[in-house]
Amino acid sequence: MGTICKVCMHQCSLEPGQRGLCRARKNEGGKIVCENYGQITSLALDPIEKKPLRMFRPGSMILSVGSYGCNLSCPFCQNHGISMAFRKQEEPEAQGDGSVDMIFLPPQELAEKAFLYSRRMPQTGVAFTYNEPLVGWEYVRDTAKLVKDYGMENVLVTNGTASLEVLEEILPYMDAMNIDLKAFRQETYRKYGGDLDTVRAFIARAAGACHVELTTLIVPGENDQEEEMEEEAFWIASLEKSAGKKIPLHITRFFPQYRMTDRAATDVELVYRLAETAGKYLEYVFTGNC
């Protein structure tokens with residue numbers, strides 16, 4: 001009987017030496033450890049709008065940091081080089097999913113680096129992004145605490161599939177999140193290795209505690225029906241405790257990449273039309289990649 005990793009909905013049962021589906025967590029001597037702790041693959045100063053966050057500290061820059069690993073398997077992932085790193089070792093058919101360059105950056109060093117930038121430009125703090133940050137939530141928590149000690153702010157860009165227990169660990173230190181709401185159909189989430197109910201619960205809790213914006217990538221043939229967008233927007237607006245109607249929703253255009261090159265980019269007019277549909281229920285709807 002393996003040891004259960006309780007970080008996300010997969011609840012991977014891992015034997016000693018075995019890694020979870022995310023490839024970032026491992027059973028070492030009967031204990032689940034965060035193997036990607038401090039292992040940084042990406043570090044850049046980004047405009048806050050790139051996260052995307054349109055209604056949180058507009059015009060500021062943020063130090064964005066990413067590691068490797070993800071607990072979903074989205075075939076259109078734009079960061080698959082790091083999110084899917086190391087899967088090729090156990091999935092030979094996973095083309096291009098090999099190892100990745102990285103450096104070790106302890107929480108204190110990252111927080112100090114962000115603080116130094118903040119003294120030279122309008123820089124708001126640290127964004128945990130690029131891969132799925134919460135497969136290594138311990139690093140997010142430890143760094144975010146120090147960032148707050150420096151008087152700066154923390155942003156999380158996540159797929160929202162972590163457990164509520166993990167969410168509670170980081171919420172005290174988070175100022176804003178952008179959460180992917182990839183679809184509003186359970187069958188679509190299952191195709192990507194996820195669970196819609198888990199994401200809905202994550203969004204509802206996070207939106208009651210910090211600034212939250214949502215992103216839905218419109219993929220042709222997957223989640224591009226107006227009826228589905230209407231249901232999604234209605235649900236977001238119904239989150240009363242978090243003033244749901246005021247939660248910004250980013251509706252973005254898909255471009256073929258990674259393992260999903262079998263279809264064209266999303267029609268721009270469709271993106272605008274779905275934005276109009278969402279706008280019947282939500283005050284702030286933005287389009288992206290158009």
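Q: What makes up the lining of the second largest cavity, by residue class?
A: In this predicted model, eight of the lining residues are nonpolar, four are polar and one is charged. Cys counts as nonpolar and Arg as charged here. The volume of the second largest cavity is about 100 Å³. Its lining has 13 residues, and C5, C8, C12, C22 and R25 are the closest to its centre.

Q: Why is a space such as this called a cavity and not a pocket?
A: The word cavity is kept for points where a 1.4 Å probe fits but cannot get out, whereas a pocket is an open set. A search of the whole structure with a threshold of 30 Å³ or more turns up two cavities.

Q: What is known of the largest cavity, and which residues lie nearest its centre?
A: Its volume is about 120 Å³. Of the 16 residues in its lining, S67, N131, P133, Y139 and V140 lie nearest the centre. Two or more lining residues come from each of β5 (39-40), β7 (61-66) and α3 (137-149). By class, the lining holds seven nonpolar, eight polar and one charged residues.

Q: What makes the radius of gyration of the chain agree with that of a compact globule?
A: For 290 residues, the globule rule gives a value near 19 Å, and the chain has 18 Å, so the two agree. Along its principal axes, the C-alpha trace spans about 50 × 45 × 35 Å.

Q: How much of the chain counts as buried, and what does that word require?
A: Buried means under 20% relative accessible area, and 55% of the 290 residues count as such.

Q: What share of the contacts with a separation of 6 or more joins residues 24 or more positions apart?
A: Such pairs account for 67% of those contacts. The chain that makes them has eight helices and 14 strands.

Notes. Residues numbered from 1 in each chain as written. Predicted model: local features only at pLDDT ≥ 70, side-chain atom pairs only at ≥ 80, totals over all residues. Heavy atoms only, no water. Helix = DSSP H or I, 4+ residues; strand = E, 2+ residues; numbered from the N terminus. Rg over C-alpha atoms; globule rule 2.2 N^0.38 Å. Buried < 20%, exposed > 50% of the residue type's maximum accessible area, 1.4 Å probe, protein only. Contact = heavy atoms within 4.5 Å. 1 Å grid on protein atoms, 1.4 Å probe; cavity = no way out; pocket = protein on both sides within 12 Å on 5 of 7 lines; lining within 4 Å. Points joined across faces, edges and corners; volume = space filled by probe spheres on them.
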